[in-house]
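Here are a few notes to read alongside the model, written for someone opening it for the first time. Keep the structure in view as you go through the points.

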Amino acid sequence: MALNVLIVDDSGVMRAMIKKTMLMSGLPLGEVYQAGNGKDGLEILNQNWIDLVVVDINMPVMNGEEMLSQMRENPGTKDIPVVVISTEGSQTRIERLIKKGASFIQKPFSPELIRDIVKEITGIGGDDEPPVK
Ligand SMILES: [Mg+2]
């Protein structure tokens, strides 16, 4: 099974780095969609099958926390796993995101950490995954 991923970050460089990191980590990626803010991200979510959302917090138009909240209110997107990748340092905010069911990764991040968290929340992926039964 390949993961269709949506990467939402206002920095194109960061989106490319996250994508590259996920490819390097051996995760079985399918389509990789990208958006520069939460509003555009929600539009892509509503038009495509997405298995995993990786989202920044601080973005113009709509930030990652608002995007996560709107996803959780929509029956079509409420169960999609979300990983927040941010420089965010506020523990209160991080806890709020986790309460909404997101995983949190602090920037800068390692490929291994992304791989391990994605494997944990999706149950698939990575180099050491046993062959499909
Ligand atoms: Mg940002």
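Which of the 27 residues in the largest nonpolar core touch the most other members? I'll start there, after two words on the ground rules. Residues are numbered from 1 along each chain as its sequence is written. This is a predicted model, so local features need pLDDT of at least 70 and side-chain atom pairs count only at pLDDT 80 or more, while totals for chains, interfaces and linings use all residues.

1. The core. Those residues are Leu6, Val53, Val54, Val55, Val82 and Val84. A nonpolar core here means buried Ala, Val, Leu, Ile, Met, Phe, Trp, Tyr and Cys residues joined through C-beta atoms within 7 Å. Buried means 20 or more other C-beta atoms within 10 Å of a residue's own, exposed 12 or fewer, and partly exposed in between, with C-beta atoms placed from the backbone. Strand 1, helix 1, helix 2, strand 3, helix 3, strand 4 (82-86) and helix 5 each supply at least two residues of this core. Helices (H or I, at least four residues) and strands (E, at least two) are DSSP runs, numbered from the N terminus.

2. Val55 up close. Leaving out residues up to four places away in sequence, Val55 touches Val8, Gly41, Gly64, Met67, Leu68, Val82 and Val84. Contact means C-beta atoms, placed from the backbone, within 7 Å.

3. In helix 2 (residues 38-47), Gly38, Gly41, Leu42 and Leu45 are the buried ones. They sit on the same side of the helix because they cover an arc of only 100 degrees around the axis, taken from the directions from the helix axis to the C-beta atoms. Glu43 and Gln47 are exposed on the other side. The cover over the buried residues includes strand 1 (3-8), strand 2, strand 3 (52-55) and helix 3 (64-73).

4. Strands 4 and 5. These run parallel and are joined by 5 bridges; pairing takes at least two DSSP bridges. The chain gets from strand 4 to strand 5 through helix 4 (residues 91-99), in a right-handed β-α-β crossover. Right-handed means that, with the strands pointing away from the viewer, the path from the first strand over the helix to the second runs clockwise. Val82 stands opposite Ala102 in strand 5.

5. Lys107 and Pro108 are joined by a cis peptide bond, with omega about -5 degrees. Val61 has a positive phi of about 70 degrees, although it is not a glycine; this residue lies in the loop between strand 3 and helix 3.

Note on methods: Two residues are in contact if their C-beta atoms, placed from the backbone, lie within 7 Å.
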